[in-house]
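Look at the sequence and the 3D view, then read on.

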Amino acid sequence: MKTFKTWDPVIRIFHWSLVGAFTANALILDDDGKAHQWVGYAVVALVLLRLLWGVIGPHTARFASFTPQVSEVFEQMSDMATRRKRAHLGHSPLGALMIFNLLAAMLVIGLSGYMMTTNMFFGVEWVEELHEVVVFWAEISIVAHVAAVVLESRRTGVNLPRAMVTGVKSVPDDLNLVK
Amino acid sequence: MTGTASKKPGALLVLILVQAFCAVFFLWDVMQEAGPLRVLALRDFHVAAEAVSALCLLAAVLFEIRYLMTLLRRKAHLERQISLAAGAFHDVILDHFERWNLTPAEQDVASFTIKGLSIAEIAALRGTAEGTVKSHLNGIYRKAGVAGRGALLSLLIDGLFQLPEGATTLIPLQKRA
């Protein structure tokens, strides 16, 4: 086993705070309550912090380091199709696409949620529908994200959930690395 | 499954993403219309029809993902295809892989083996231990009913000479030429 420091503390705290906040708002808190709003603002603040960190943070946190080329996306999918094993030290190409998807979804949810509290958009139907449909899209995306993490951990032999807790990726010795 | 040059995995991937978003939207809409009635709302024709449509769309997405994976597997195994003969041989090989029910990993290992790579080379290319490759090879030989690499190759080459069914693979080849 070789170990690589992959995720800095900001990334990990962001990830698990977002997990907690989204779960609270989607499944636990009353949609019409004050707490729902405050947790929503916290989610937006977290995402904005992540966007800033994606520009000034360390290498694996930077958008420039993990925005994938189309060819890289298909290389990863070919590896999956043939069950070949290669590890990515940062975000994998498909993982990166999921991150952009989730970050964008969180911003749309936060913005439409905020609009529902303003006089101008209070009770406007399309705003409410947008909020709800993107929440549903985010929930489905999260299920896909978790499933992909489990499947990719099994395919490559790298324990990805543990890396997001400890910040360290443990890579089996015979595994090839991408880049 | 014949003819690779014209297949565009990029377009297929975009289609999958767009259809996935549509499927999620319609599923959400069905749930909205069902409201507190939940499953009982399916007695309403409109809700039932929309639910069935959404599920069909979802099934199509899953089918497309499967097909994309097959396409990528084929592309990966045919990367350095130069001649029509190589393409014809590859069709015969794929036919056999399918008949033997090889798993995707076994197909990959078998493909490398046929190209003459050693166990160590295959292990390095696939990022696995040599023992894993050996167990894949055992599975391949068992499913094909042969004793080893030589017999496997003979079986495949033999398939090239049996053209009654193989003729169907030759027609698209002529079109391509």
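## A cysteine in chain B

B:Cys56 sits in helix 2 (residues 45–77) of chain B. Helices here are DSSP runs (H or I, at least four residues), strands are runs of E of at least two, and both are numbered from the N terminus. Is B:Cys56 buried or exposed? B:Cys56 counts as exposed, because it has 12 C-beta neighbours inside 10 Å. A residue is buried if 20 or more other C-beta atoms lie within 10 Å of its own, exposed if 12 or fewer, and partly exposed in between, with C-beta atoms placed from the backbone.

B:Cys56 can also be set against B:Ala23. The two are 33 residues apart in sequence, and their C-alpha atoms are 8.7 Å apart in space.

## Model and confidence

This is a predicted model, in which local features need pLDDT of at least 70, side-chain atom pairs count only at pLDDT 80 or more, and totals for chains, interfaces and linings use all residues. Residues are numbered from 1 along each chain as its sequence is written, while chains are lettered from A and ligands numbered from 1 in the order in which they are written. The model scores ipTM 0.86 and pTM 0.85.

The mean pLDDT of chain B is 84, and 84% of the residues score at least 70. pLDDT is the predictor's confidence in each residue, from 0 to 100. Where in chain B is confidence lowest, and where highest? It is lowest in helix 8 (residues 163–176) of chain B, with a mean of 49, and highest in helix 6 (residues 130–144) of chain B, at 95. Residues 1–6 of chain B have pLDDT below 50, and this stretch has nine contacts in the model beyond near neighbours in sequence. Residues 170–177 of chain B are also below 50, with eight such contacts. Two residues are in contact if their C-beta atoms, placed from the backbone, lie within 7 Å.

## Chain A in outline

Chain A has seven helices and four strands. Their order from the N terminus is β-α-α-α-α-β-α-α-α-β-β. Along the principal axes, the C-alpha atoms of chain A fill a box of roughly 60 × 30 × 30 Å. Of the 179 residues in chain A, 25% are buried. Among contacts in chain A with a separation of 6 or more, 65% join residues 24 or more positions apart.

UniProt, in an unreviewed entry, gives residues 7–167 of chain A the annotation "domain: Cytochrome b561 bacterial/Ni-hydrogenase". UniProt positions follow the numbering used here, feature names are shortened, and annotations may be inferred rather than shown by experiment. Over residues 7–167, chain A is 77% helix and 1% strand, and the end C-alpha atoms are 4 Å apart.

Helix 1 (residues 9–28) of chain A has 20 residues. Its first and last C-alpha atoms are 27 Å apart, close to the 28 Å expected at 1.5 Å a residue. The expected span is 1.5 Å times one less than the number of residues. The buried residues of helix 1 of chain A are A:Ile11, A:Ala21, A:Phe22 and A:Asn25. Seen down the axis, they fall within an arc of 105°, so they line one face of the helix. The arc is that of the directions from the helix axis to the C-beta atoms. The face turned away from the buried side carries the exposed residues A:Pro9, A:Trp16, A:Val19, A:Leu27 and A:Ile28. Helix 2 (34–56) of chain A is included in what covers the buried residues of helix 1 of chain A.

Helix 5 (residues 93–117) of chain A has 25 residues and should span 36 Å at 1.5 Å a residue; its end C-alpha atoms are 37 Å apart, which agrees. Its buried residues include A:Pro93, A:Met106 and A:Gly113. The buried residues of helix 5 of chain A pack against helix 2, helix 3 (63–66), helix 4 and helix 6 of chain A.

## Where the chains meet

Contacts link 17 residues of chain A with 18 residues of chain B. On the chain A side, helix 4 (70–82) and helix 6 (125–156) of chain A each give two or more residues. The largest share, six residues, comes from helix 4 of chain A.
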